[in-house]
Amino acid sequence: MSSRVEILNDGGYRSDGRRQYELRDISIDLSPRGTADGSALITHGLTEVMVDVFGPKEAKSRGQSVHDRATVSVEVGIMPFSTGERRKRNRGDKRVLELAASIRQTFEPIIQTSLYPRSEISIFVHILQQDGGLLPASINATTLALLTAGIPLTDYVTAMTCGVHSTTSLLDLTILEENDLPHLTVASLPRTGKVTLVTMETRLHAERVTECLKIAGEAGKILHKEMKKAVEARTQKLAQAMEMAPKVAVVGGGSGGVGDVEMEDEMDT
Amino acid sequence: MATTFILPGERVRAQHVNLKLGPGLLQHAENDQDTKIISTKAGELQHSANNSKWWIEGNSKRYIPAPQESVVGVVTARSGDGWRVDIGSAHPAYLDGLAFEGATKRNKPNLKVGSLLYARVSLAHKDMEPELECFDAQTHKAEGFGELKGGFMVRCSLKMCRLLLNPNHFLLPLLGSRFPLEAATGLNGRVWVSSKETKHIIAISRCIESVDPDGGGMDEAGVHQFLGTLDI
Amino acid sequence: MPRPPSPSIPEKEFLFSSLKESLRLDGRQPLETRTPILTFGPDLGWVECAMGKTRVLAQVDAKMVKPPPERPLEGMITIHSEVSPMAGTEYEPGRPSDEEVNLTRMLDKVLRRSDAIDKESLCVLAGQRVWHLRLTIHCLSDSGNMLDCACLAGIVAFKHFRRPEVEVVGDEVIVHHPSERAPVPLSMHHTPFCFTFAYFPDTDTAPVIDPSYMEQRISAGLISIALNAQKELCVIQKAGGVPLSEEQVLAAIDIAVNKAVALDKLVTKRLEEDWKGRKVEVR
């Protein structure tokens, strides 16, 4: 079944006017919401994902707690209004469970769980709108939400999809492109350049994969810059708010905010 | 002594003034005069030299604790003053913190979750949790019991560990003639083995697995040949 | 919920140190798979696959149904897989565990979504009658790497299966009983095989292919690669776990490519042997 839409026209533009390696518009909102310890809203074009993080807190049941580290639990909710046709997915849907399992397994080695024995970190992923790149958007949002919750991570995790159209590779696919092209989802750690998650569901020749992995890794680095910018902006805002507050001696004054960010960076690296 | 194979429900003609029945045998009274002894599991019918003790030796994998048997267990949790130990039975066993040689209220061994133990079942009652001890209750000496450090734990069938405990069985002496090794055989289908070299431990583990009547049931000549193929 | 006791400290330490020396407990090389043993049942499409003590039974049957209106020209394939506690004490009936979700999804991706079977050839009468293939996977015992075993059993079952010959006369469909006309094999585009590699927390330790139960338990991450003998990758699945460099992923793919060619030969040979020994009565 070939679609009526031309994936890549002769001028080298995609159906939504993007170039081959052009990413969609990304916006990040890290303002706190509700009672969550950390939350993040990220949009990749029309895909919109919100993540709330609670924890580290006491594990819900004793059976779930592990004596020497924190457990990570992930629940994914796909909003019925997130797709064109309204459709409710029940919680037992294998696709949703798989999404949750992949997010959990991606973050388990990245979160320093051994710092919080016998506790639980719960991650709630809400998918508000979907237009391709569900898993990468969820992973990026989870990274940001964990950061705002102050949970120690060894690195950022950035994820991106990369598709192949005959011989050219395309980045950040929309749902239209995702349906037609074999594609690879890669989650990478920008600092070491290592990949933690690779998934691919459609047939693709082994030689094409190499290129895809590389390009998706590069895209991850760009994403990392964007995400870092957002975290820095938020930290600066918090630092400013501290300055406004009763005149407790804030070391370094205006530059204190920047200093904070740098320190955080050092801890990351 | 020729071995008699027996199936569940068969009548066993065991008679002795002081008769003791072991696992797999049941005394079944139809009326007051006529009491019969019948078997409840399949296996080899065994009896002691003077015909006073009778039991059936089967080959199962699930361990049912019995007092005074030595077992190899894994610590799964701390509980109160002691530990909960997995010995492969239906319920976890309890090991008191004071059931060690020289242990006092202040000076208890430090076992971590996941430690391996060689212990003896001190209490096994069908309505209670099995209990373990790591010393001889009379002498308060360790006698080889305690934490097992290093090495590897091999799982086998219950028949296999009874065979390994038999001093006449060929396997351990044969392996011992090739390289030095340490072994602690539990009656719960777990054997702890240790040797200096990794490949030796692997060789022991593979030999036990292939000699296991539940797996290959290899004989002495077969093991000789098998050891020849291994790089040891 | 009682979790299965995790391997004890000495066991873990020993396995890590032996894997570091590239020694495996069952005597295999790190990149050596267990040779799968395929047993065919009396019916076509009944296959039992054993890799060591891991055993999976797969069975295919076909039924004539009316296709859904949105896909009138394609046959249907459904895969039923449930891991019952029979396979191992850690599986519980009821809420599926992560492993079970992963197994079901991977089977779906490897066997159904990879287009291994030509669905259009299953159409008998457009919009009226199509074949509905049902694959049932029974996991009999789990001794590590059940996924590869289940995928292999499933794909071999599809290859082994033959559906009854049909004839369309006007608007009528005549299904010929296997005793009247020889049943026909399914038309397949390709044969995907799945290979799983286990990586360990210590980055110096080389990965192992086809992990045993213990190796899987102590591993820090798995990567499953499904591909056919033509070097076409169908599924790559590495959901989290220890981070790997690109080179490591590509190296795993390279190994899987070679293994797939060998496995394809073995499967073809076994299927041929079985077919020769089988008498299909045609009057």
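Chain B holds four helices and 15 strands, where helices (H or I, at least four residues) and strands (E, at least two) are DSSP runs numbered from the N terminus. This is a predicted model, in which local features need pLDDT of at least 70 and side-chain atom pairs count only at pLDDT 80 or more, while totals for chains, interfaces and linings use all residues. Residues are numbered from 1 along each chain as its sequence is written, and chains are lettered from A and ligands numbered from 1 in the order in which they are written.

Taken along the principal axes, the C-alpha atoms of chain B fill a box of roughly 60 × 50 × 30 Å. Of the 232 residues in chain B, 32% are buried, a residue being buried if 20 or more other C-beta atoms, placed from the backbone, lie within 10 Å of its own. Among the contacts in chain B with a separation of 6 or more, 63% are between residues 24 or more positions apart; two residues are in contact if their C-beta atoms, placed from the backbone, lie within 7 Å.

In chain A, five strands form an open sheet with mixed pairing, in the order β1-β2-β3-β5-β4, and two strands pair if DSSP finds at least two bridges between them. The edge strands, each pairing on one side only, are β1 (26-29) and β4 (71-78) of chain A. Within this sheet, strand β3 (residues 47-58) and strand β5 (residues 119-129) of chain A pair in the antiparallel sense over nine bridges, and Val53(A) has Ile123(A) as its bridge partner in β5(A). Helix α2 (residues 134-148) of chain A packs on the sheet and touches β1, β2 (38-44), β3 and β5 of chain A, with its direction at about 150° to that of β2(A); axes are lines fitted to C-alpha atoms, for helices over the stretch in contact, and angles run from 0 to 180 degrees between N-to-C directions.

Chain A also meets chain C, with 30 residues of chain A in contact with 33 residues of chain C. On the chain A side, α1 (94-107), β9 (195-200), β10 (204-205) and α4 (206-244) each supply at least two residues, and the largest share, seven residues, comes from α1(A). Strand β9(A) is joined by three bridges to strand β14 (residues 232-238) of chain C, and the two run antiparallel; in β14(C), Gln237(C) is the bridge partner of Thr199(A).

How values were computed. Buried ≥ 20, exposed ≤ 12 C-beta atoms within 10 Å, placed from the backbone.
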